Amino acid sequence: MSAATPKHPHPDPLPGRERERTVQVLADLPAVARAAAERFVALARDAAAARGRFTVALSGGKTPRSFLQALAGPPYRERFPWGFVHFFQVDERWVPPDDPRSNQRMLRACLVDKGPVPERNFHPVDTSQPDPVEGAKRYEDHLRRFFPDPPGGVPRFDAVFLGLGEDGHTASLFPGSPALGEENAWVTHAVGGSPRTSRVTLTLPVLNAAFRVIFLVSGAGKAGVLRELLLGKGGGGHPAALVAPKRGKVTFLADADAASRIPPAEAAYPGGEGGAG
Ligand code: 6PG
């Protein structure tokens with residue numbers, strides 16, 4: 001299903017912005033998960049060498065689950081000391097932490113409960129109080145304590161893992177959402193999803209400050225929106241097209257179903273020549 005091109009208050013991606021973007025197509029979701037885990041380990045090693053720690057923000061939804069399960073299991077689990085990796089959330093639905101819809105619940109289960117991540121290195125959104133607007137402010141306060149006075153006034157995550165909705169949303173930045181126009185706050189309140197849920201989300205200034213953004217995209221249902229995002233004018237006008245880090249790189253890891261409408265010249269296919277690999 002290709003989403004109609006949504007209109008939203010935020011301007012199109014800045015014209016002429018050079019975007020270093022690679023698209024890698026993998027056979028299936030397990031292969032996407034392994035490729036994401038390999039990239040995670042490589043990025044963690046680089047960050048540790050350069051900055052002595054690795055800060056990563058993770059999305060929720062279904063696609064990341066197999067990536068996180070792979071990461072928390074052999075051989076990745078043994079491949080580096082987890083104590084220097086700090087995990088944050090890209091976004092959260094405003095539900096209790098034990099609610100099946102909770103992103104934190106999924107991340108905690110994969111990484112902390114069953115995985116190697118120490119509790120002190122896991123930085124979830126606190127959804128225990130009723131007001132998501134207040135909750136966004138509190139998460140931002142937590143980020144400001146962890147990233148005190150960052151250069152440029154915005155925290156630079158070493159890596160941000162994003163998903164892609166069939167409507168072109170990413171994080172909890174949905175078509176037409178006022179959150180798309182937020183240019184100062186690091187975390188903001190948003191509403192969206194199906195069913196519509198109150199949420200909090202990192203804002204575009206934070207996503208676009210990252211050293212590396214990695215989209216994980218799986219399933220035939222995403223084929224239309226991924227084609228529009230990668231090949232359409234202005235990224236099809238989708239919110240995900242606004243993720244264009246100023247000094248970072250964007251990588252798409254997509255399975256064959258999701259990439260079924262992307263020509264080989266635009267992507268690196270398994271074993272093939274591929275173009276933008
Ligand atoms: C959320 C996610 C959201 C997700 C996309 C893709 O809280 O729902 O952060 O942005 O990444 O909706 O979700 P799937 O991976 O489940 O397709």
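The lining of the largest pocket divides into 17 nonpolar, 15 polar and 11 charged residues. Ala, Val, Leu, Ile, Met, Phe, Trp, Tyr, Cys and Pro count as nonpolar, Asp, Glu, Lys and Arg as charged, and the others, Gly among them, as polar. This is a predicted model, where local features need pLDDT of at least 70, side-chain atom pairs count only at pLDDT 80 or more, and totals for chains, interfaces and linings use all residues. Residues are numbered from 1 along each chain as its sequence is written, and side-chain values use heavy atoms, with hydrogens and water left out.

A pocket here is an open set of points on a 1 Å grid over the protein atoms alone, where a 1.4 Å probe fits, with protein on both sides within 12 Å along at least five of seven lines; lining residues have an atom within 4 Å of a point. The largest pocket holds about 990 Å³ of space, a volume being the space filled by probe spheres set on points joined across faces, edges and corners. Of its 43 lining residues, the closest to the centre include Gly60, Gly61 and Arg93.

Now the ligand. The ligand sits in this largest pocket, meaning that more than half of its atoms lie within 2 Å of the grid points. Around the ligand are 15 residues, each with a heavy atom within 4 Å. Lys62, Thr63, His169, Ala171 and Lys222 are the closest.

Next, polar contacts, that is, pairs of N or O atoms within 3.5 Å. A side-chain N or O atom of His169 is 2.7 Å from a ligand oxygen. For Arg199, the distance from a side-chain N or O atom to a ligand oxygen is 3.3 Å.

Key
A polar contact is a pair of N or O atoms within 3.5 Å; within protein, one must be able to donate a hydrogen and the other to accept it, and residues adjacent in sequence count only if both atoms are side-chain atoms.
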